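Here are my notes on the model, point by point. Please read them with the structure open.

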Amino acid sequence: MDVAIEVAGLVKRYGDVTALDGVDLQVPRGTVLGLLGPNGAGKTTIVRILTTLLQPDAGRATIDGVDVLANPREVRRRLGLSGQYAAVDEYLTGFENLDMIGRLYHLGRSRSRERARELLAQFSLTDAGDRPARTYSGGMRRRLDLAGALVAHPPVLFLDEPTTGLDPRSRTEMWGVIQQLVADGTTLLLTTQYLEEADVLADDIVVIDHGRAIARGTSDELKAQIGGERLELTVSDEDRLEEAVGVVTPLGVAPPVTDEHRRSLTMPVTGGVKALRQALDRLEAVGLEVDDAGVRRPTLDDVFLTLTGSTAGDDEPADEVAS
Amino acid sequence: MTTLDVVNDAAVVAKRNLIKIKRVPDLLVFTTLSPIMFVLLFAYVFGGAIDPSGGGAAYREFLIAGIFAQTVVFGATNTGAGLADDVKKGIIDRFRSLPMAPSAVLTGRTLSDVVNNVIVLIVMSITGLIVGWRINTGPLEALWGFVLLLIFAYAISWVMAWLGLLIPSPEVINNASFIVIFPLTFVANTFVPIDTLPGPLQVVAEWNPVSSVTEAARELFGNPAPNPTGNVSTAWSLVHPQLYTLIWSVVIVAVFAPLAGAQYRRAASR
């Protein structure tokens, strides 16, 4: 297997806090790995180490066959990084931002300009290209930042939470842009807090929690592990919640989780709509009134509930250092 | 990485910083307005008290070199605040992930601040000429006076670069440097002749490099002290102000450029 990113036993400590506790990763060339985890899980720390911004305390990593610790400058030639917050210079125009990055990759004056125009066109920024970036919307800044990561056609790309803070429309646009890139054969490591995003973009997903990989596999494999859709029901009468649990449990792939305060239950099911209809029929048959009912896709919380038994982001203050 | 790459990278970064001056002209307006205000305040509020017989004319002549020195030292704050801002906005991360010369971010920044200082000195010279300041020497001496001011300012820029990376908050940098720079530029011969200061302060002022750069500029512009009392300071630093200023500048760069470089490599590693 041709591996583009290889990581073994990565450890990073900040004083007493262990941000990374022995992480191993392998990303085959031309594929997308999604690092999924809550804030402070250690995702950004991994990206910072792999992009030479941070030294690990133990472990080793290679990018495109080059050792990250031994030869950081050579590694920098082969990677593009687009960060959690868009690192564009707001006083420069879109064109000037990209041109500057090209010059710093030593592409030369004319090639840098040419490449800047190409990327502006590719990211639908041509019209805004000569305006200072501070006039851009959040989505436009992210696209410009991503374009910056692509200036030198790097074979390996790192995107750290590329859509965090974007509105739903900009997020969908960003996904489209990323999918196009990947179709061209770029190897991508992407971090995200959104299961849906990893589902859409990643070939393989590694779930990170407290600096460790707690699960890995394709999106389908993970879903099989955590169950597919979630059936959510809210009953009218708080006192009959337990009764409702008894009625619907046989329809699920795992027992439901209840929230008495909201008079609701959540249960993993397969064949969502069918399960929903059956549940409503059964509840009606015993005369249980339902206020709200629906089927939804699993969220990061569901993944964590299933894998660790606690909600994503619980007891995290110490890990803030890592993000 | 060839020398050419290192120079190219520094030039690219410097150009990027200079574009900011063009895009946010208010920044330049305010960095030049405050020294203009200082010139006018000191010249017309204190001038009469310090130099009663001449109605302040001789004092204004004396004052200008002091304001030049104060302004370029204050201007170095921009270096620190600019770098702190870049760290905060993640731009330093982007630079550090590029295969560029690591030194370029700092040399580019300090060099663009020299250009900034040149513009500020031109504006202030014009203001000075309007209130009666004159260069009474030759063009070459005057030019060397300006260059010496710029060299000293460049050195102070490296101190601020280190601070800006150490404390990556533009607001804190501005306030912190104020506390240092105010006494540094006031306990000196910038605004009053040194022999009017109380004894111990006089010694501090004599050896303060801001005094020597001011004294050197006065010497090179031909601007004598008003009301000479005859008590000319005999401190070595003020007898050889040009040499003393150059020694300080070299020492400051030799100490703070490596410190800033080390801090840059660590900057984002938190």
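1. Conventions first. Helices (H or I, at least four residues) and strands (E, at least two) are DSSP runs, numbered from the N terminus. Axes are lines fitted to C-alpha atoms, for helices over the stretch in contact, and angles run from 0 to 180 degrees between N-to-C directions. Two residues are in contact if their C-beta atoms, placed from the backbone, lie within 7 Å.

2. Provenance. This is a predicted model: local features need pLDDT of at least 70, side-chain atom pairs count only at pLDDT 80 or more, and totals for chains, interfaces and linings use all residues. Residues are numbered from 1 along each chain as its sequence is written, while chains are lettered from A and ligands numbered from 1 in the order in which they are written.

3. Chain A overall. Chain A holds 11 helices and 14 strands. Its C-alpha trace spans about 75 × 45 × 35 Å along the principal axes. Of its 323 residues, 45% are buried (20 or more other C-beta atoms within 10 Å of the residue's own, with C-beta atoms placed from the backbone; 12 or fewer is exposed, in between is partly exposed). Among contacts between residues at least 6 apart in sequence, 67% join residues at least 24 apart.

4. The sheet. Six strands of chain A form an open sheet with mixed pairing, in the order β6-β7-β8-β3-β9-β10. Pairing requires at least two DSSP bridges between two strands. The edge strands, β6 (79-82) and β10 (212-218) of chain A, each pair on one side only. From one strand to the next the twist averages 15 degrees.

5. Sheet details. β9 (residues 204-209) of chain A pairs with β10(A) in the antiparallel sense, over six bridges. V206(A) stands opposite R216(A) in β10(A). Helix α5 (residues 138-149) of chain A lies across β6 and β7 (156-160) of chain A, and runs at about 165 degrees to β6(A).

6. A helix pair in chain B. How do α3 (residues 57-75) and α8 (residues 170-186) of chain B pack? Their angle is about 165 degrees, with the axes 10 Å apart. α3(B) and α8(B) are therefore roughly antiparallel (over 145 degrees; under 35 is roughly parallel, 65 to 115 roughly perpendicular, the rest oblique). A69(B), Q70(B), V73(B) and F74(B) of α3(B) make the contact with I181(B), L184(B) and T185(B) of α8(B).

7. The interface. In chain A, 23 residues are in contact with 21 residues of chain B. On the chain A side, α3(A) gives the largest share, five residues.
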